[in-house]
Amino acid sequence: VLETFFVRCAALIEKEMLSNNNNLNDENDEDDEEFEEISMEEMFIKIISEFLPHLKQMINDRYATHVLRIALLVMTGKELPSSTESNSILRSKKSKIARKMIEIKDSKDYQNNFQVPTSFKDELRKLLQIFNKNETCESLRELAINKVTSPVIQLFIQLEGIVDRDRTIWSSIFNGDNEAADPKQREKEGAFVEYLLSDQVGSHFLQNSIENQKVKSVERIYNSYMKEKLVKLAKRETTGVYVVECMMAKLKSTQQMEILDVLVPVMNELIVNNIDIGGSIIDCSARNDNYLKESIIDKFIDFFNKGNNNDDLFENILKLSGSTLFSTKDDWPTSEERRRALFFEKLIEYDQEKILHIAVTKILEFDEATLIKFCKHGVFSHIIENVLKLRESLNIVERKTLLNKLIGHECCNIVELACNSTASHIIDALWMFTFKLNMFKERIARTLLQNSEVVKSTIYGRMVWKNWNMELYTRKFNDWKWIVKEEEQKYEEEKQAKKKELEESNSSFNASGKRGRQGDNVNSDGKPKRRRR
């Protein structure tokens with residue numbers, strides 16, 4: 001109740017600020033006369049003031065800690081996370097499941113940022129000063145590795161930079177950035193960091209802490225305690241590997257490439273039981289001008305083909321034969337399937353020369369029934385959707401063959417896919433995929449029109465109908481064709497502008513001599529982007 005109340009407070013405080021403190025509930029003026037007039041800002045500050053004497057107890061209480069965390073997020077104007085999705089800031093996996101079981105749903109106030117008054121910054125400063133007053137290095141380290149208190153300390157570290165330039169909590173836990181610290185302190189710090197890297201709670205604490213820390217501070221931790229044992233840490237599948245992945249994203253470019261130099265040679269050992277590290281290596285390489293790309297791709301192909309030349313990569317990454325794709329019980333996709341599909345999508349985007357064409361070849365080998373199941377699958381369908389978005393990397397023959405396969409004989413698949421909650425996104429993607437192939441675009445639109453009653457009978461079909469501008473197609477065909485032509489022209493202009501910008505960026509980079517080590521050149525459309533669901 002308190003968490004929901006605080007989220008509602010955040011929305012009303014912003015509304016109060018925007019309305020210059022006018023009465024927000026004019027319709028309740030008569031009832032308001034019974035109460036002392038007080039603004040939402042003042043009321044929230046009073047609540048925080050009541051928390052302050054009990055701060056230590058709240059941090060150690062498994063229920064109060066959630067209330068405190070949401071109050072801190074409101075005070076700092078941060079995004080208020082969903083109350084039903086798993087989130088390290090607020091919600092544990094266990095409580096997420098419990099809330100779904102009782103059908104609690106988020107209001108519109110969740111997953112939003114709200115403006116907050118400047119007085120809240122003073123309250124945050126006061127709260128952190130009271131917390132730090134009686135804490136020592138040892139006590140803070142104990143709180144950091146406790147499963148109840150650790151999320152609060154992570155949040156304190158994330159927020160303290162707003163009001164404390166010295167970042168007192170981080171400095172107390174990690175001896176600041178003092179390279180010449182007392183040898184005993186350094187020894188204790190080293191033992192503490194090693195514990196963090198081998199403990200589930202500790203590694204989560206270290207991962208989240210360094211994400212919100214200055215690069216200089218993170219570099220010291222990396223150089224002092226991680227650099228010499230990266231492979232060992234990357235093999236800790238439930239602890240140290242997450243910190244290594246975070247370092248790959250946080251450190252400077254030269255250090256990221258150093259990590260790749262160490263991990264790529266042993267990459268196939270690392271991904272045996274942890275395919276996610278493969279995705280992190282791809283991301284790191286893409287951020288650094290596709291550094292070591294050729295070696296990474298060759299190792300992936302060799303690993304997933306198991307040394308054979310029979311191109312089983314598609315099957316061996318997704319493990320289709322034992323997946324829910326062929327389930328007769330309508331099972332939900334598993335988390336393992338989701339991880340593997342996301343990895344394959346990333347791999348396809350990363351290498352549009354080999355992997356993309358392997359994926360297209362495999363899709364074309366599916367029989368019609370399997371292809372329909374693949375398009376309707378909650379996870380695997382994203383792979384086809386992703387392939388369709390990369391049409392610039394496919395030649396005209398591949399595009400036409402893929403279109404014929406997807407739409408089926410006499411477009412028999414179109415209506416079935418359009419009326420499905422998952423596969424309808426693939427029909428939406430075909431709008432862009434058929435650019436410069438207007439014969440196919442008109443075939444699909446004609447099929448939707450001929451089956452308009454069926455298509456419009458479902459919400460998903462109606463969305464496809466809207467996204468394909470079918471009302472215009474029905475009434476003013478020439479205007480529909482003009483929209484298609486306009487969109488194609490606009491896309492070409494954007495493509496040329498992006499290409500020109502990239503060429504100018506590369507030429508200025510080369511002129512300054514700051515490119516450093518690099519692998520293959522970036523694609524003509526820029527670096528591969530991480531796909532978000």
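Contact here means heavy atoms within 4.5 Å. By that rule, 73% of the contacts between residues at least 6 apart in sequence join residues at least 24 apart.

This is a predicted model: local features need pLDDT of at least 70, side-chain atom pairs count only at pLDDT 80 or more, and totals for chains, interfaces and linings use all residues. Residues are numbered from 1 along each chain as its sequence is written, and side-chain values use heavy atoms, with hydrogens and water left out.

Start with the whole chain, shown as a cartoon. The chain has 32 helices and 0 strands; these are DSSP runs (helices H or I, at least four residues; strands E, at least two), numbered from the N terminus. Of its 533 residues, 47% are buried, meaning under 20% relative accessible area, with exposed over 50% and partly exposed in between (1.4 Å probe, protein chains only).

Next, select residues 438–450, which are helix H28, and find Arg 443 there. Arg 443 counts as partly exposed because its relative accessibility is 21%. Beyond its neighbours within four places in sequence, Arg 443 touches Asn 404, Ile 407, Gly 408 and Cys 411.

Move on to helix H30, residues 459–467, and pick out Tyr 460. Tyr 460 is at 37% relative accessibility and therefore counts as partly exposed. Finally, show Ile 459 and Met 463 as well: with Tyr 460 they form a nonpolar patch on the surface, with about 290 Å² of accessible area together. Accessible areas come from the Shrake-Rupley method with a 1.4 Å probe, and for residues only the protein chains shown count as cover.

Definitions and conventions
Patch = residues over 30% accessible without salt bridge, like charges linked within 9 Å, V, L, I, M, F, W, Y side chains within 5 Å. Salt bridge = Lys/Arg side-chain N within 4 Å of Asp/Glu carboxyl O.
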